[in-house]
Amino acid sequence: MGMRQDLYNLIEDGITPEEVLSKNTPVRRSVEIKGEVTKDVVEELSKIKREPDWMMRLRLRSLELFNKLPTPNWLPNWVLDNINLEDYISYARPDVNRSSNWDEIPPEVRQYYEALNIPEIEARALMGLGAQLDSEIIYINIRKQLAEKGVVVLPMEEAVQKYPDLVKQYFMRVFPPEHKFAALHGALWSGGVFVYVPPGVRIEAPIEGFFLISNAGEGQFEHTLVVADKGSYIHYIEGCSAPRLSKYSFHDGMVEIYAHEGAKVKFTTVQNWSRNVINFNNKRAIAERNAEVEWVEASIGSVASFVYPSTILKGEGAKTEITGITIANGKGHVKENGAKVIHDAPNTSSKVVNKSISANGGTAVYKGVVYVRRGARFVRSHVACDSLVLDGDSKAYTIPHDQVFDDTAVVTHEAYTGRISEDKINYLRTRGLTEEEAKSLIVLGFISDVTEGLPFEYAMVLNRVIMLEFSKYGKVA
Amino acid sequence: MLIPSELRIKARELANKIPYQLIKDSPTVKYYTQWNLFDRCIETGGNTLSKLPQSNDYDVVIHNGELIKGVELLGDQVNIGIDPSESRIIARHLANLREVYPIVIKGDVEDEVKVLLSYGGEQNELNSNHVIINVSDYAVVNLALSIVGNGGCGTNVVEVNVGDGATLNLLTYSTNINPSFSLIRVTEGSGASVNAYTIVVNGEMTHHREDYILQGQGASINSNSLEFGSGNSRVDYMINIMHVGEHTMSNSTTRAIALDSATVVHRGFGRITDRGRWSSTSIEGKVFIGSSNAVGMSVPIIIVDTGDVNGARHSATDASIDEDQELYLRMRGLSREEAIGLVVYDMVTGFLDSISASFKGSVSQIRESLMSLIRGR
């Protein structure tokens, strides 16, 4: 409450919301690596983390690939111009000792998380939480009963030390460094959470990883790896945030999921980076026989975002659902929120639902692929994309690719792009709502069938964020 | 009309420099046209010995870049609407071409105007045809266009300018053997209306592309297409619809059939530009996969550059025979192959029956060829 009261006081003192939101509280760093990404830089990073040889080699191999691979031509030039790695801090360790108790986190750091209600949500709704500030996890805690069942929730670095064989089996094997920025991630990864769920264990409430970038000109490369053993269940929630920064920051994270036979993994992301963050997130899952992987990607913040949650349905009967909510709100904002499904086994099924909203000159893009391998018999796949364009300056692009190599498959796709209905806005305005309120209500209605599937606390947060996004604060936040 | 020398020089320069296709997409997506197959094709500049096609049934015949019939329909010199910088295949086409034939169709023409673009030669010889057809303002025209490859590689470009208020009924039938590239680019004036029927059949690598540019206010295109691939064919059919004028409307429906080891691709692209306010587009595709070795692909894209849009939608299905359908037909004593044959027959005849009666003569010939192709499999 203290911080919020401060904000209100500042606004009352005549400071604009933009100035308030730009207020930086730089976090002191104990280590900072900046400049060209070279072999020396990568080796230094690996040494700082006291990594085993195999991990250092993996980083160096990734760096080699990063240098070799072409710059993706599927990115807008202005985005590439602003990913000038020499100017970015590629590793920033905050001067904070990691803890499992919020009281031990320094107040000037804790306030960021308190302002976002993270400790409260943890107490009410979560079975575990890992909070990352810049390049390192500073807080991690899981409920005792989970630890007793053998569930492992650790900062990625600690997992590399403690469970090398387990980590090695999956790390960057689900998502190999196949394009330039995935390779860059492999070279510079830092932080993130490792989760292992033993066979048959069902974690009834979600575990969350929360990622915060505290300063401008920073690169964040966290790596999340979730391994769900046979017949287990986990819901992992990923939250991302940053204060409004004075220049661009760059997020190039990676999420790898491995769902063993009969396991179910639900992975929800509420991405609310501030408008100066360029966001890449490399997300891929492998689902074994009868496993299920469900992605929910709510892409609200950032100026440019390129995220394509992908599932490889490797085992017979595996299923996936990929749900995307995209908001591109602001001139020049480009938000790509796609999906990829590779049907690699018989009787696999997939469902992709994508809802996008573009406003005030923003561009929302769906790019997706559904691929059915020859021999993957009786595959079923359905993709549905709906785009809502709120004004004449905004754009919506839907670019799906369906590639079917088996004659028993049924792959369908449907999409619709339309304008917000003036009648609905007028109706709501006659009921006393402002135009902004009316628009946010219509947007919430448009995505309600998606948000209804979220845990209550997150649906509330998402609704609130969307309402704010279309308020006067949304123009600056 | 001879190709201007500066254009030919530019085309020759670019033919070795620029790519066939730029893919600005994720690493997962590969080329749908196997452009490397065109690399073996050698430009002949029209100097090929090949049998001339039968010309009795046509009003205009162009074979290996030369006008064989229809000199009376030739119009004045016109500007060529394509540019070699668009892609390597277009640069190669222009570099390989001696002449472009402008044709003018004035007033109402009740009967079909039948145009044949034919090419033939040795397997690696590349022959090119290019025709520019101008449909006068407020004319009503039935244009039947045949693109026939009798061996060798081919590039065929047809530019059609549809005048203000004109109505064009366009039937295109394309059948090829070796790698072929066809581009039909239709530009429509205000209030113009095009009803297009397209049938693309087989070919080692057939890239058939249709561009509809709805330039004038209130222009419309209603397109129905049938792709047919059997044997080892690979057919990449692409329809691009660009809404430039306000209040324009487009509707595209494609049915595709992939049999044996054929690969059939349907790509539909509907773009409502920021100038094309209050427009609507609908792109629909169904790819029928009729064999365990056949491949079907769909890429229905909608790009909307303005919120002032009446609506943009697309849908696509890639599938074989419906399980219930198969069960029903099997209960009647039919094998899966027979059931698939029935579905194919139904799709083809259903499509041919839907074509405007103005093309009765052409449809009858096409029906005969398609039926013998289906029966002969």
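Colleague: How many residues of domain 2 of chain A are in contact with domain 1 of chain A?
Modeller: In this predicted model, the contact between the two domains draws 14 residues from domain 1 of chain A. On that side, H7, strand S12 (264-272) and strand S14 (292-299) of chain A each supply at least two residues. The partner side, in domain 2 of chain A, contributes 11 residues.

Colleague: Which class supplies 8 residues to the side of domain 1 of chain A that touches domain 2 of chain A?
Modeller: That side has 3 polar and 3 charged residues. The remaining class, with 8 residues, is nonpolar.

Colleague: What distance separates the C-alpha centres of domain 1 and domain 2 of chain A?
Modeller: Domain 1 of chain A covers residues 24-307, and domain 2 of chain A covers residues 421-477. The distance between their C-alpha centres is 29 Å.

Colleague: What radius of gyration does chain A have?
Modeller: Chain A contains 15 helices and 24 strands, and its C-alpha trace spans about 60 × 60 × 45 Å along the principal axes. For 477 residues, a compact globule would have a radius of gyration near 23 Å. The value for chain A agrees with this, at 22 Å.

Colleague: What share of the residues of chain A counts as buried?
Modeller: A residue is buried if 20 or more other C-beta atoms lie within 10 Å of its own. Applied to the 477 residues of chain A, this gives a buried share of 55%.

Colleague: Where on helix H6 of chain A do the buried residues lie?
Modeller: Helix H6 (residues 107-115) of chain A has the buried residues Val109(A), Arg110(A), Tyr112(A) and Tyr113(A). They cover an arc of only 145° around the axis, so they lie on the same side of H6(A).

Colleague: Which exposed residues does the face of H6(A) turned away from its buried side carry?
Modeller: The buried residues of H6(A) pack against strand S2 (89-94), helix H7 (118-125), strand S3 (128-133), strand S4 (136-142) and strand S7 (207-212) of chain A. The face turned away from that buried side carries two exposed residues, Pro107(A) and Glu108(A).

Colleague: Which residue follows H6(A) with a positive phi?
Modeller: The phi angle in question is near 65°. The residue that follows H6(A) with this angle is Asn117(A).

Colleague: In S4(A), which residue is the bridge partner of Gly128(A)?
Modeller: S3(A) and S4(A) run antiparallel and are joined by 6 bridges. S4(A) is mostly covered, with 5 of its 7 residues buried. Within S4(A), the bridge partner of Gly128(A) is Ile142(A).

Colleague: Which residue takes a positive phi in the hairpin of S3(A) and S4(A)?
Modeller: This hairpin has 2 residues between the strands. The positive phi, near 55°, belongs to Asp134(A).

Colleague: Is Val379(A) buried or exposed?
Modeller: Val379(A) is found in the loop between S21 and strand S22 (380-389) of chain A. A residue needs 20 or more C-beta neighbours within 10 Å to be buried. Val379(A) has 27 inside 10 Å and therefore counts as buried.

Colleague: How far apart in space are Val379(A) and Asp406(A), C-alpha to C-alpha?
Modeller: Beyond residues up to four places away in sequence, Val379(A) touches His343(A), Thr348(A), Ser349(A), Val372(A), Asp406(A) and Ala409(A). In sequence, Val379(A) and Asp406(A) are 27 residues apart. In space, their C-alpha atoms are separated by 8.5 Å.

Colleague: How many residues of chain B take part in the contact with chain A?
Modeller: Chain A brings 37 residues to the contact. Strand S21 (363-372), strand S23 (395-404) and strand S24 (410-419) of chain A each give two or more residues to that side. By class, the chain A side divides into 16 nonpolar, 12 polar and 9 charged residues. The number of residues from chain B is 36.

Colleague: Which residue of S19(B) is the bridge partner of His413(A)?
Modeller: S24(A) and strand S19 (residues 311-319) of chain B run antiparallel, joined by 8 bridges. In S19(B), the partner of His413(A) is Ala316(B).

Colleague: What is the radius of gyration of chain B?
Modeller: Chain B has 5 helices and 19 strands. The globule rule gives 21 Å for 377 residues, and chain B is close to that value, so it is as compact as a globular protein of that length. Its radius of gyration is 20 Å.

Definitions and conventions
Residues numbered from 1 in each chain as written. Chains lettered and ligands numbered in written order. Predicted model: local features only at pLDDT ≥ 70, side-chain atom pairs only at ≥ 80, totals over all residues. Helix = DSSP H or I, 4+ residues; strand = E, 2+ residues; numbered from the N terminus. Rg over C-alpha atoms; globule rule 2.2 N^0.38 Å. Buried ≥ 20, exposed ≤ 12 C-beta atoms within 10 Å, placed from the backbone. Contact = placed C-beta atoms within 7 Å. Nonpolar A, V, L, I, M, F, W, Y, C, P; charged D, E, K, R; others polar. Pairing = 2+ DSSP bridges. Arc of directions from axis to C-beta. Domains from an automatic or database assignment.
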